[in-house]
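Please look over the model shown here. The report below takes up its sheets and then its cores.

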Amino acid sequence: MRESSEFLILGAGPAGLTLANKLLEKGVFDFLVLEKEEAAGGLCRSVEVDGAPFDVGGGHFLDVRNQKVNDFLFQFMPENEWNLYIRDSRIQLNNVMLSHPIEANIWQLELGEQVEYLKSIALAGCNLGLPMPEEFVDWIYWKLGRKIAEEYMLPYNQKMFGAELNQLGTYWLAKLPNVSFEETLLSCLSHKAYGKQPGHAKFYYPREFGYGELWLRMAQNLGQNIQYNKQVESIDFIDNVVRTSDGSKYCAKKIITTIPWMEFQETSGMPDEIRISIQALKYSSIQTEYYPGRLDTQAHWIYYPSLRIPHHRILVRHNFCPNGNGYWTETNGERIGMERVGNGFRYMNRYAYPLNTVGKPKIMNRLLRWSEKHNVYGLGRWGEHQHYNSDVTVELAINMCNGLVK
């Protein structure tokens, strides 16, 4: 069987679902979405565990800052179906529970520790005017100072992304806040946070459902324009044909892929040097696991930099999911053997985080430029191999649709 359409969208996560619904909004009906799972949502899917939602991809929330994105999404799940929260995230640092971000909340430590952190920040390379290093580990020391680097950032990133941190580039770190000696000192003297607030300082989470409910509704709105259990195996850039594992073939004038480029077993017509470079793209896998019982904390999530603890973060479900108990952990796939075995639900996300390796920008820039010349477009976390949150992905999809359909 070979189906033909104007647009073929690979993947029904936030990127694919937004693009598809935006096409409908513009009066375009000649498109098809292919999804390998039985349900839509991608990393933002939810299932019911212990009588309440469990987000299989980890912690996903809707940021309040982008009104254009929220107005679009509220068409499918109105604002009155969401609770608004002021973010309470914390860091378990040694035996102390600090508010996040660490640089703004050092004042919560004992006085002697505050002094050590302040001395370290004052001597950070960026505050001394030293040239910026090129390697990731050196950059962290230069940017944040020894104490924050060694006690928080380096072990936490190792747990998130793997032990070989110098495989990561420094081009993506500009989003880290400036840790100025002056602002840190002010926070210690006044006992309140100074500096820029982290992302999701305020966020929405559904009142009665998991985050995945939003994407299910967006998928339902597509009707017959979406097909499930369709594992994409190959793409032909010459004839613009996609083949799935059940032998089906789909042809389109424009193909938008939101799935990992590594998933294509065959890429007919793609130059060898580009095809080989895709294999150099790195990613990390994350297992989420549910544990019952309530924790004595008001935090929505907690970071754990200690290498002795397998997981890097927990999501305290009962503090943001009404009628929910328990919490779930997020653990890098390389560290699963260290995790204690619980009796609860667990889910492995093979593709969780794209890694910002040294050579990635060059690989993706060349890949996306070449593929767009053949009417194949990469979109979202995996189509662009970028660590985007769902709200950013939605905005990118809206913008892409506006560019493709005038």
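Leu62 stands opposite Tyr204 in S9. Strands here are DSSP runs (E, at least two residues), and helices are runs of H or I with at least four, numbered from the N terminus. S5 and strand S9 (residues 202-206) pair in the antiparallel sense over two bridges; pairing requires that DSSP finds at least two bridges between the strands. The open sheet has three strands, ordered S5-S9-S6. Strand S5 (62-63) and strand S6 (82-86) each have a single partner strand, so one side of each is left without a neighbour in the sheet.

This is a predicted model: local features need pLDDT of at least 70, side-chain atom pairs count only at pLDDT 80 or more, and totals for chains, interfaces and linings use all residues. Residues are numbered from 1 along each chain as its sequence is written, and side-chain values use heavy atoms, leaving out hydrogens and water.

## The seven-stranded sheet

Another open sheet runs S8-S7-S16-S17-S18-S15-S19, with mixed pairing. Its edge strands are S8 (96-99) and S19 (346-354). Strand S7 (residues 89-93) and strand S16 (residues 301-303) run parallel, joined by three bridges. Arg90 stands opposite Ile302 in S16.

## The nonpolar cores

A nonpolar core is a set of buried Ala, Val, Leu, Ile, Met, Phe, Trp, Tyr and Cys residues joined through side-chain atoms within 4.5 Å. Buried means under 20% relative accessible area (1.4 Å probe, protein chains only). The largest core has 86 residues; Leu17, Phe31, Leu73, Leu214 and Trp215 touch the most other members. Helix H6 (residues 146-161) gives the most to this core, with eight residues. Apart from this core lies another of 28 residues, including Leu43 and Tyr250.

Terms used
Buried < 20%, exposed > 50% of the residue type's maximum accessible area, 1.4 Å probe, protein only.
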